[in-house]
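Biologist: I would like to go through the aromatic rings here. Please set each value against its cut-off.

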Amino acid sequence: MALLGVIGGLGPMATAYFMELITSMTDAGCDQEHMRMLVYSIPDTPDRTSFILGRSQASPLPNMLEAGRALKSLGADVIAVPCITAHYFHLELEAGVGVRILHAIRECADLLKESGVTNVGLMATEGTVSTGLFQRELQSRGITLTVPGQEGQRAVTSLIYDDVKSGRKPDMDSFRRVKNELRQRGAEVVLLGCTELSVIKRDNDTGSGVLDVMEVLASSAVKECGKKLSPHLRLIT
């Protein structure tokens, strides 16, 4: 079986939940049937959104390269990065580490295409939205992407940074307002395109018509490492 390496700490709670997802998604009857995993946590990595938007000159890439190379030296066959904004650095990171790195956004786009979805809403960091990462992958598959307006994006940013990253209870009224805005504008499915939003879904009722990008990444990691997924798994609610 392939050995999974995880570049973690971006943020710490999301990494812990990613490991939980992998465990719960694996079709295993005992400890020994679960997959091996190496986690290199680098929570001191500079903020990805601040760098992408030009608010900071501190690049997160050197820390991620350090973690990836360490994982490779320990025998990792494939690497996952449970931080969606960090996918902005995917090409440089994969080239610099020399190990295949899973691409959660492409996996999501493929799943949505296979499911016949034609219009998707996105809740994510400002950095992720500004990079066009989701836009390119979805549009290449004939899927329309809808993003929140300015007020809605501010609400999403607050949920990510002021609530989850700060260890506070998320404002679910705010979450529902943004989700409803996207659905009213035609989105059939709302993507949770930030791992902090994944934590919100874990602990709260986010309703139907939601796809968590980190759940897609976790399911891809399980399959990539040669394990079977739980037969009860449903990714699109």
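Modeller: Ring pairs join Phe51, Tyr88 and Phe89 into a cluster. This is a predicted model: local features need pLDDT of at least 70, side-chain atom pairs count only at pLDDT 80 or more, and totals for chains, interfaces and linings use all residues. Residues are numbered from 1 along each chain as its sequence is written, and side-chain values use heavy atoms, with hydrogens and water left out.

Biologist: What makes two rings a pair?

Modeller: Rings of Phe, Tyr and Trp (its six-membered ring) pair if their centres lie within 6.5 Å. Planes under 30 degrees apart are stacked, over 60 edge-to-face, and the rest tilted. By this rule there are two aromatic pairs.

Biologist: Why is the pair of Phe51 and Phe89 called tilted?

Modeller: The centres are 6.1 Å apart and the planes make 35°.

Biologist: Why is the pair of Tyr88 and Phe89 called edge-to-face?

Modeller: Their planes are 90° apart, over 60, so the pair is edge-to-face. The centres are 5.0 Å apart. Tyr88 is partly exposed, because its relative accessibility is 40%.

Biologist: How do you know that Arg202 lies over the face of Tyr17?

Modeller: The rule asks for NZ of Lys or CZ of Arg within 6 Å of the ring centre and within 35 degrees of the ring normal. Arg202 is at 5.1 Å from the ring centre of Tyr17 and lies over its face. Lys165 lies over the face of Tyr161, at 5.8 Å.

How values were computed:
Buried means under 20% relative accessible area, exposed over 50%, partly exposed in between (1.4 Å probe, protein chains only).
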